[in-house]
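Here is a short briefing on one protein chain. Start with the overall picture, then turn to a single helix.

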Amino acid sequence: LCFVFKQATEKIRIEITSLSLTESRVTSDETIQQLFVECRLYNLIAEETPLSLPKPRCGQWIHYNYSNVIHVDKANNRARREYLKSMLLKPDLHPDSLRFTVVSDPPDDQQHLECEDIGFAYVSLREIFQEQRDVIEQEID
């Protein structure tokens with residue numbers, strides 16, 4: 001999973017650019033054909049790529065080029081801003097990671113199947129804020 005995370009004073013931008021699979025149960029499972037990615041921060045933020053794409057072969061990439069801006073300005077998004085603040089000030093009380101979930105989306109002709117979470121990746125917002133460094137085009141397992 002490759003994503004771009006850019007931090008600004010009033011917004012956080014998350015980009016899910018590409019996905020590649022290594023040899024695993026997922027690459028050999030014929031029922032897994034289409035994939036999308038969900039990004040979640042606790043109960044505060046949940047977004048997913050608008051399209052599911054065909055599962056790549058092992059070592060190949062699929063490209064979502066998805067971008068989302070999360071506004072954290074004081075005037076209109078006080079709850080989000082306060083959550084991020086408390087996450088930084090009270091690390092034992094709040095999860096600090098963005099969780100990326102790779103999800104299998106059933107094909108149109110097999111809608112009786114359920115979506116299935118097939119992989120997870122995590123990025124610590126606390127580390128990004130503490131280091132005061134944007135994470136740009138970083139690959140995460």
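Of the chain's 141 residues, 42% count as buried. The model is predicted.

**Fold and order**
- The protein chain contains three helices and nine strands.
- Along the sequence, these elements follow the pattern β-β-α-β-β-β-β-α-β-β-α-β.

**Contacts and surface**
- Among contacts with a separation of 6 or more, 59% join residues 24 or more positions apart.
- The accessible surface of the protein chain is about 8,600 Å².
- Carbon and sulfur atoms hold 46% of that surface.

**Helix α2: length**
- Helix α2 runs over residues 78–89, which makes 12 residues.
- At 1.5 Å a residue, α2 should span 16 Å.

- Which residues of α2 are buried? They are Tyr 83, Leu 84, Ser 86 and Met 87.
- These four residues lie on the same side of α2, because they cover an arc of only 165 degrees around the axis.
- On the other side of α2, Arg 78 and Leu 89 are exposed. Exposed here means over 50% relative accessible area, and buried means under 20%.

**Helix α2: cover**

Key:
Residues are numbered from 1 along each chain as its sequence is written. This is a predicted model: local features need pLDDT of at least 70, side-chain atom pairs count only at pLDDT 80 or more; totals for chains, interfaces and linings use all residues. Side-chain values use heavy atoms; hydrogens and water are left out. Helices (H or I, at least four residues) and strands (E, at least two) are DSSP runs, numbered from the N terminus. The expected span of a helix is 1.5 Å times one less than its number of residues. Buried means under 20% relative accessible area, exposed over 50%, partly exposed in between (1.4 Å probe, protein chains only). The arc is that of the directions from the helix axis to the C-beta atoms. Contact means heavy atoms within 4.5 Å. Accessible areas come from the Shrake-Rupley method with a 1.4 Å probe; for residues, only the protein chains shown count as cover.
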